[in-house]
Amino acid sequence: MSAIDWQRVPVDLAPIECIAARALVRNKSRDFFWYSPVLNEKLKNVSADLVVCPANEDEVIRALAYCHAYRIPVTPRGGGTGNYGQAMPLKGGIVLDLLRLNHFLWLKDGIARVGAGLKLIDLESHSLPQGWELRFHPSTRRSATIGGFIAGGSGGVGSIQFGGLRARGNVLGLRLITMEEKPRALELRGGEVMQAIHAYGTNGIITELEIPLARTWPWHEVVVSFANVGSAAAFGRALCEADGITRKLVTVCDWGAAQYFKPLRPLLTEGRAIALCVIADPSREAFAALATAMDGKIVFERDAEEVGDIPPLYEFTWNHTTLWALKADRSITYLQCLFDGPDYLDKIAHTVATFGDETPMHLEFTRLDGHVAAFGLQLVRYTNEKRLYEIIRWLEDNGCPVADPHTYILEDGGMKTVDTAQLAFKRRTDPLGLLNPGKMKAWADDVPFPAAQSAG
Ligand SMILES: Cc1cc2nc3c(=O)[nH]c(=O)nc-3n(C[C@H](O)[C@H](O)[C@H](O)COP(=O)(O)OP(=O)(O)OC[C@H]3O[C@@H](n4cnc5c(N)ncnc54)[C@H](O)[C@@H]3O)c2cc1C
């Protein structure tokens with residue numbers, strides 16, 4: 001890499017927009033890795049050498065061909081809201097900023113085709129007037145891109161209806177550019193899309209996506225207060241199993257987590273747990289009856305479209321919950337585990353009884369392979385790495401698999417095993433291992449990059 005003349009690269013790539021200013025390059029080299037004290041230590045000094053901002057697919061292809069010729073690593077980036085250093089250029093080189101690929105191409109019969117750099121909020125500003133919305137979105141709806149979500153995310157608001165990104169049918173097709181001497185544009189369809197979903201951009205740059213949307217409802221936001229997290233979780237399960245109620249979001253937080261929701265604080269009672277829910281308007285009566293029957297007290301409600309001092313309710317859920325806590329206490333971090341199986345409420349209760357306020361409980365209810373389960377995104381009052389991994393080991397030993405959010409390694413974060421299809425695909429699409437290097441464990445990229453020649 002030292003042989004690259006970085007002043008020369010923007011000249012060679014012109015008229016493709018490049019950013020060389022150090023502060024901006026550093027800024028675009030970071031994501032939300034600092035949620036993890038472990039990653040914060042490891043990645044805080046990571047930076048690219050240059051940011052390249054293609055305006056269209058032709059410019060993506062030109063940039064990739066150039067980087068291939070000079071063996072320059074390329075790390076794609078959308079909104080930069082990923083949590084595990086996913087979009088951080090571990091080996092320097094170029095950050096490929098895809099925000100300008102933000103075209104809404106078409107919407108037909110509930111299917112949308114869009115540029116990968118389109119922000120989710122902008123996608124919906126096109127689709128909502130036509131009565132369609134995203135099936136589900138991360139709580140970073142206002143800042144994340146659709147390409148970044150599909151390459152780096154998993155699920156979110158709406159997953160209680162539609163499951164996550166890996167559920168068959170949630171991504172219909174995608175267009176991807178390979179990292180070769182002559183980059184090719186491939187259209188993946190059906191099951192083929194799994195090769196690029198949640199692959200951190202290690203096996204191609206996604207330029208376009210085709211996704212099915214959902215018919216929109218007038219949505220209603222409700223916060224219900226419960227005596228304790230066990231009662232709130234039981235309500236969450238009952239709500240998710242109430243077939244006549246249309247719901248988009250079912251989140252449960254015990255007081256240890258809810259206390260950090262500053263804008264909601266005046267509405268909450270110290271010591272009580274809450275459920276944060278988004279339901280369709282016609283379900284309001286049935287929802288209220290269920291809440292009352294389960295000893296819940298509605299403490300806040302409004303139409304989702306109403307704007308006020310309180311942000312949208314979804315911005316207190318999923319990985320936003322941890323953000324509220326981090327704003328108050330930088331020593332806090334979090335975990336991601338799965339409470340599944342017929343006894344999943346018992347597993348939650350056992351975890352709460354074992355760790356108490358060391359891991360304030362936060363649950364996101366979801367559909368998973370045809371049934372309801374809950375993701376635990378519990379906060380952690382962090383002391384040290386050893387203790388963190390003791391907690392992780394306890395969860396795994398007690399039937400709650402953990403998707404470790406304290407690693408930037410793709411396979412260690414969730415799957416725990418090598419995704420052979422993604423690896424085989426990478427051999428075809430990125431034979432030199434230049435895309436987002438250092439993230440895929442199965443790829444032996446600890447081998448140094450071929451000696452870079454002077455650019456130009
Ligand atoms: C407060 C907060 C809340 C969050 N809530 C959720 C949530 O509810 N659900 C969830 O799943 N995640 C969540 N996340 C994680 C993250 O916001 C989402 O996954 C988001 O969709 C990522 O989109 P992005 O555009 O910011 O992607 P980036 O962070 O820019 O990139 C994510 C990954 O995708 C790669 N990539 C980006 N664009 C492309 C492309 N066009 N082609 C190939 N690879 C690409 C990057 O290299 C990186 O590996 C949250 C994060 C934060 C900080």
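Which residues does Thr202 touch, not counting residues up to four places away in sequence? The first view answers that, and the others tour the rest of this predicted model.

**View 1. Thr202 and the residues around it.** Setting aside residues up to four places away in sequence, Thr202 touches Leu410, Lys426, Leu435, Asn436, Lys439 and Met440. To find Thr202, look in the loop that runs between strand E9 (185–189) and strand E10 (205–215). Buried or exposed? Thr202 has 29 C-beta neighbours inside 10 Å, so it counts as buried. Phe425 sits 223 residues away from Thr202 along the chain, yet their C-alpha atoms are separated by 9.8 Å.

**View 2. Helix H4, residues 57–69.** Here we have a helix of 13 residues. From its first C-alpha to its last, H4 reaches 18 Å, close to the 18 Å expected at 1.5 Å a residue. Which residues of H4 are buried? They are Val60, Ala63, Leu64, Cys67 and His68. What do they pack against? Their partners are helix H1 (8–13), strand E2 (50–53), strand E3 (74–77), strand E4 (94–97), strand E8 (173–177) and E10. Just after H4, have a look at Arg71, which takes a positive phi of about 55 degrees.

**View 3. The shell around the ligand.** There are 38 residues around the ligand, and Gly78, Gly148, Gly152, Gly153 and Gly201 come nearest. The elements giving two or more residues to this shell are E3, helix H6 (146–152), E10 and helix H11 (319–328). Which of them gives the most? That would be H6, with five residues. Sorted by class, the shell around the ligand holds 14 nonpolar, 22 polar and two charged residues.

**View 4. Domain 1 and domain 2.** The domain assignment of the protein chain gives domain 1 as 104–215, while domain 2 comes in two stretches, 219–304 + 337–397. How far apart are their C-alpha centres? They lie 27 Å apart. Each side brings something to the contact: nine residues come from domain 1 and nine residues from domain 2. On the side of domain 1 that touches domain 2, the classes are three nonpolar, six polar and no charged residues.

**View 5. Helix H12, residues 344–355.** At 1.5 Å a residue, the twelve residues of H12 should span 16 Å, and the end C-alpha atoms are 17 Å apart, which agrees. The buried residues in H12 are Tyr344, Lys347, Ile348, Thr351 and Val352. Because they cover an arc of only 135 degrees around the axis, they end up on the same side of H12. Where do these residues pack? They pack against helix H8 (229–241), strand E16 (337–339), strand E17 (362–368), strand E18 (371–376) and helix H13 (385–397). Following H12 is Gly356, whose phi is positive, near 50 degrees.

View 6. Start with Pro312, which has 19 C-beta neighbours inside 10 Å and so counts as partly exposed. Pro312 and Ser139 are 173 residues apart in sequence, but C-alpha to C-alpha they are 9.5 Å apart in space. Now for Trp318: why does it count as buried? It has 25 C-beta neighbours inside 10 Å, and a residue needs 20 or more to be called buried. Trp318 is also a residue other than glycine with a positive phi, near 45 degrees.

**View 7. Asp295, a positive phi without a glycine.** Asp295 is not a glycine, although its phi is positive, at about 65 degrees. Its place is in the loop between helix H10 (284–293) and E14. With 13 C-beta neighbours inside 10 Å, Asp295 counts as partly exposed.

**View 8. The cis peptide bond at Pro15.** This last stop shows the bond from Ala14 to Pro15, which is cis, with omega near 10 degrees. Where is Pro15 found? Look in the loop between H1 and strand E1 (17–19).

Terms used. Residues are numbered from 1 along each chain as its sequence is written. This is a predicted model: local features need pLDDT of at least 70, side-chain atom pairs count only at pLDDT 80 or more; totals for chains, interfaces and linings use all residues. Helices (H or I, at least four residues) and strands (E, at least two) are DSSP runs, numbered from the N terminus. A residue is buried if 20 or more other C-beta atoms lie within 10 Å of its own, exposed if 12 or fewer, and partly exposed in between; C-beta atoms are placed from the backbone. Two residues are in contact if their C-beta atoms, placed from the backbone, lie within 7 Å. The expected span of a helix is 1.5 Å times one less than its number of residues. A residue is near a molecule or strand if its C-beta atom, placed from the backbone, lies within 6 Å of it. Ala, Val, Leu, Ile, Met, Phe, Trp, Tyr, Cys and Pro count as nonpolar, Asp, Glu, Lys and Arg as charged, and the others, Gly among them, as polar. Domain bounds come from an automatic or database domain assignment. The arc is that of the directions from the helix axis to the C-beta atoms.
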